[in-house]
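Colleague: I would like to go through this structure with you. Please give the grounds for each term as we go.

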Amino acid sequence: MTILWPTRSHRRILDTAQKTIIRLTKSKPGQLLGSPSTASPPILSVENVTKRYGKFLALENISLNLAQGNHVLILGPNGAGKTTLIRCIMDLVSFDGRISVDGVNVKRDSSAAKDHIGYVPQNYAFYEGITVKDHAILSTRLKNTARSEAEEKLKYVDLWNVKDKKVRALSDGMKQRLGIALAMIGNPPLLLLDEPTSNVDLRGQLEFQSLLKTLLKSGKSLLTTTHLTGLGELATQVVILDRGKVIGQGAPDILLKNMGVNDTLYMRVKQENSQANVIRLLEAEGAIEVSSDGEWITASVPSSIKLKLVKDLLNSSEEIDDLLVERSKIEAEYVKLIQRSRNN
Amino acid sequence: MNLSGVWGVLSLTFKESIRAKWLILFTIVFFLLAIDIPDLVELQGHILPANYLENFLTVLVGFSLPIIPLLALPMSSTSIVDEKESGTLQYILSNPISKTEFFLGRTAGLLISTSLAVIIGFGAAAVVSYTTNLSAYSGMGVLILFSVMLNISMLALGFIISDLSKRKVTALVVALFTWLLFTALSNVTNLAIILNLEFGELAAVSLVLIDPIELAIILTTILLGEPDTAWSSLGLIAYDYFQKNTVLALSAAFVAWIAIAFAIGFIIFKRQDLS
């Protein structure tokens, strides 16, 4: 009797077949095969993952699911365990628990799981001494894909014009785009971005946000780690990590609501003697922490009364010269949650 | 097996080795060592006997083999720790390539690049020195063979150092200390005699078996057919112990040394977490 041991390519075929069967059995009548379905398995599933480095507990019982086309933002201070979580997903460190990428268990078949992952490293950890084009070609070799993809992806991030430059000669913003291009080689459905905005200036951050929007529109799923602001608005889900534990998880708006975080109202009145009246009005309407700094009045306003308060202000006899409402951002507020968690 | 990935790591390693200039420098050093310019000048002036260059090989064995590790050890001892420090190892392994495939590509890349430095350096010197004297090439062939084996053993040892080091500079210092240790072991004649007298032949022979530099020197000297007056004390003791099986026993020890060192280097790398 001949026994055929499944090779990697056989296993991939089996994986794909298995996933197709799952989709077929879960799809509703009339639903097209392969179309987005809420029943489809998550692109990334992390179940009860714990990681220890000796006695140090780097991650404790972490669980999260990322649906196709969604963006999960992992927020936390330095040393919270964000990068360790990414290392676990890529099977670069041993861990307890289960992680699967597009249905493939990373512990069982790490290479097949990594076929579905594109990774943008922290601090642009690339080979600085080779050219941009050579680096892209290296990535096509590592991912065993067509060499032509190198050109295609470099053009996508607008780096083809600097293809012959050494990587070390690129600006931080360009290196960031190179990271995206290299991660996209092989067209993986999941991108892992480790602290992608930590080294770029404001312009670079804005360009990066725009690139992320394009990636999300194209159906990519993203997992981003950061300790900085600027990416919360693009996230469908936020996970707040501190000392290896999840201390908050959910949609950004719901998290903010649960935290009791208020928006900030800034306004300027035309006549200086109106300031006192406006402050009185704000306090009467339920605004808190009302203060004035020169010609500007600042107030913290709960979301529930925000609209009514603005309407009442505009209808009042006081002449408002300028008004600005700043929405609170989860990336700016998560530190308070961490503080609260540590105090408890 | 992701052969395309292995090839990617291999070609990257090879190109990086050449780009570091370290390799080119050593090729020139090996060439200059082997060509022995002052002797060539004296030969032209008929000051030295016509067959001097063939005899010169014995001298060359003594001072070129201990230098071989200086090429392989620093290159392999920094090859993994450097990538860990810079984060590029994490980048490489984020692709669908296993640690085994990475290790294979890295080993093959370094093996080809460093062995080429030895072969081209000594080979070019042989061509310049011996020109059409074909019989003289076999001697240089033996020297090249054991130089390459020594080079491979040092690459394997370097990988262990690289696996266990947390910083590149530490790895480099440990590598240089290791070279010094082996070179010292290889040159301390009295130590061999003391060990032989105090603990018997086996103790002195053990000193040979654990030192790849000494193994390479003894094997090359024997196979070049040098008279025993040209042998080191350790070589004489080893020959006395193994008798006519000396070449076989020492060659087996050399191969085992390489296999065990590679296996240890690979197992440590494979089991290590990336942190």
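Colleague: Which residues of H12(B) and H13(B) meet?

Modeller: This is a predicted model. In it, Glu214(B), Ile218(B) and Thr221(B) of H12(B) meet Leu234(B), Gly235(B) and Ala238(B) of H13(B). Contact here requires C-beta atoms within 7 Å.

Colleague: What classes do the residues of that contact fall into?

Modeller: The contact of H12(B) with H13(B) has 3 nonpolar, 2 polar and 1 charged. Gly counts as polar in this scheme.

Colleague: Why are H12(B) and H13(B) called roughly perpendicular?

Modeller: Helix H12 (residues 212–223) of chain B packs against H13(B) at about 70°, and the axes are 10 Å apart. The term covers angles of 65 to 115 degrees, so H12(B) and H13(B) are roughly perpendicular to each other.

Colleague: What makes H13(B) roughly perpendicular to H14(B)?

Modeller: The axes of helix H13 (residues 233–242) and helix H14 (residues 246–271) of chain B cross at roughly 110° and come within 9 Å. With 65 to 115 degrees as the range, that makes H13(B) roughly perpendicular to H14(B). The crossing of H13(B) past H14(B) is right-handed.

Colleague: Which residues make the contact between H13(B) and H14(B)?

Modeller: H13(B) contributes Ala238(B), Tyr239(B) and Phe242(B), and H14(B) contributes Thr246(B), Ala249(B) and Leu250(B). By class this contact has 5 nonpolar, 1 polar and no charged residues. Ala238(B) also belongs to the contact of H13(B) with H12(B).

Colleague: How many helices and strands does chain B have?

Modeller: Chain B has 14 helices and 0 strands. Its pattern along the sequence is α-α-α-α-α-α-α-α-α-α-α-α-α-α.

Colleague: What share of chain B is buried?

Modeller: Of the 275 residues in chain B, 43% are buried. To count as buried, a residue needs 20 or more other C-beta atoms within 10 Å of its own.

Colleague: What share of the contacts in chain B with a separation of 6 or more joins residues 24 or more positions apart?

Modeller: That share is 82% in chain B.

Colleague: How many residues of chain B are in contact with chain A?

Modeller: 23 residues of chain B are in contact with 24 residues of chain A. On the chain B side, helix H1 (3–19) and helix H6 (88–93) each give two or more residues. The largest share, 7 residues, comes from H1(B). This side of chain B has 8 nonpolar, 12 polar and 3 charged residues.

Colleague: Which domains is chain A divided into?

Modeller: Chain A has domain 1 (44–257) and domain 2 (262–327). Taken over C-alpha atoms, the centres of domain 1 and domain 2 of chain A are separated by 41 Å.

Notes
Residues are numbered from 1 along each chain as its sequence is written. Chains are lettered from A and ligands numbered from 1 in the order in which they are written. This is a predicted model: local features need pLDDT of at least 70, side-chain atom pairs count only at pLDDT 80 or more; totals for chains, interfaces and linings use all residues. Domain bounds come from an automatic or database domain assignment. Two residues are in contact if their C-beta atoms, placed from the backbone, lie within 7 Å. Helices (H or I, at least four residues) and strands (E, at least two) are DSSP runs, numbered from the N terminus. Axes are lines fitted to C-alpha atoms, for helices over the stretch in contact, and angles run from 0 to 180 degrees between N-to-C directions. Angles under 35 degrees count as roughly parallel, over 145 as roughly antiparallel, 65 to 115 as roughly perpendicular and the rest as oblique. A crossing is left-handed if the near helix is turned anticlockwise from the far one by less than a right angle, and right-handed if clockwise. A residue is buried if 20 or more other C-beta atoms lie within 10 Å of its own, exposed if 12 or fewer, and partly exposed in between; C-beta atoms are placed from the backbone.
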